[in-house]
Amino acid sequence: MQVVKYAFQQHGDDRGMLVALEEYYDIPFEIKRIYYMYDTKEEVHRGFHAHKNLEQILICIHGSCKVRLDNGTEQKIVLLEKPYEGLYIPNDMWREMYDFSPDAVLMVLASDYYREEDYIRNYDEFLNFIREKSNDR
Ligand code: T46
């Protein structure tokens with residue numbers, strides 16, 4: 001399983017750092033939604049779902065957290081701890097976010113608006129969904 005982690009261009013000078021993200025240049029999709037989570041309790045695990053039709057980029061713009069990705073056959077754990085790194089999560093990928101540092105701010109750029117119908121929140125349903133999809137190919 002290939003994990004795509006972007007290292008965005010950093011514009012630094014003696015005042016500090018700046019990262020600029022433009023859709024289709026730095027981000028491989030049209031950005032229709034931005035959301036972020038903060039004040040996440042250290043012991044909390046979030047996520048536990050996949051999306052049928054949504055691409056996202058996760059950026060831990062402050063602090064750190066881990067993301068477990070699962071495509072139904074393989075799992076990978078990715079540490080996000082740099083404000084200039086972005087983890088790309090495609091469709092059909094089960095995800096879990098955990099080990100949030102107390103100061104973590106996890107920002108997400110998404111290719112579509114919030115639609116509850118796009119979520120698969122049951123792991124067995126997720127496995128069936130990807131199995132059926134690969135049978136259709
Ligand atoms: C994902 C991971 C990385 C909204 O009203 N609008 C939104 O755009 C989002 C993302 C959430 N919400 C509401 C729905 C729930 O009542 O906010 C509440 C918390 O959402 P959820 O439990 O889905 O949050 P996470 O952290 O489990 O998952 C989120 C995203 O939902 C999901 O798409 O990939 O972050």
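Strand S4 (33-38), strand S5 (46-51) and strand S10 (94-98) each supply at least two residues of the shell around the ligand. Strands here are DSSP runs of E with at least two residues, helices are runs of H or I with at least four, and both are numbered from the N terminus. S5 gives the most to this shell, with four residues. The model is predicted: local features need pLDDT of at least 70, side-chain atom pairs count only at pLDDT 80 or more, and totals for chains, interfaces and linings use all residues. Residues are numbered from 1 along each chain as its sequence is written, and side-chain values use heavy atoms, with hydrogens and water left out.

**The ligand and its shell**

- The ligand is surrounded by 13 residues. The closest are Arg 33, His 51, Gln 56, Arg 95 and Tyr 119. A residue is near a molecule or strand if one of its heavy atoms lies within 4 Å of it.
- By class, the shell holds five nonpolar, four polar and four charged residues. Ala, Val, Leu, Ile, Met, Phe, Trp, Tyr, Cys and Pro count as nonpolar; Asp, Glu, Lys and Arg count as charged; the others, Gly among them, count as polar.
- A polar side-chain atom of Arg 95 lies 2.6 Å from a ligand oxygen atom. For His 49, a polar side-chain atom lies 3.4 Å from an oxygen atom of the ligand. For Arg 121, the distance from a polar side-chain atom to a ligand oxygen atom is 3.4 Å.
- The protein covers 67% of the 650 Å² of accessible area that the ligand has on its own. Accessible areas come from the Shrake-Rupley method with a 1.4 Å probe; for residues, only the protein chains shown count as cover.

**The fold as a whole**

- The protein has one helix and 12 strands. From the N terminus on, the elements run β-β-β-β-β-β-β-β-β-β-β-β-α.
- The radius of gyration is 16 Å, close to the 14 Å that the globule rule gives for 137 residues, so the protein is as compact as a globular protein of that length. This radius is taken over C-alpha atoms, and the rule is 2.2 Å times the number of residues to the power 0.38.
- Buried residues make up 36% of the 137 residues. Buried means under 20% relative accessible area, exposed over 50%, and partly exposed in between (1.4 Å probe, protein chains only).
- Among contacts between residues at least 6 apart in sequence, 77% join residues at least 24 apart. Contact means heavy atoms within 4.5 Å.

**His 51**

- His 51 sits in strand S5. It is buried, with a relative accessible area of 2%.
- The side chain of His 51 makes a polar contact with the side chain of Asp 118 (2.9 Å). A polar contact is a pair of N or O atoms within 3.5 Å; within protein, one must be able to donate a hydrogen and the other to accept it, and residues adjacent in sequence count only if both atoms are side-chain atoms.

**Two loop residues**

- Phe 29 is in the loop between strand S3 (16-19) and S4. At 3% relative accessibility, Phe 29 counts as buried.
- Phe 29 and Leu 109 are 80 residues apart in sequence, yet 9.4 Å apart in space, C-alpha to C-alpha.
- Asp 112 lies in the loop between strand S11 (105-110) and strand S12 (119-120). Asp 112 counts as buried, at 16% relative accessibility.
- Leaving aside neighbours within four places in sequence, Asp 112 is in contact with Lys 32, Arg 33 and Leu 54.
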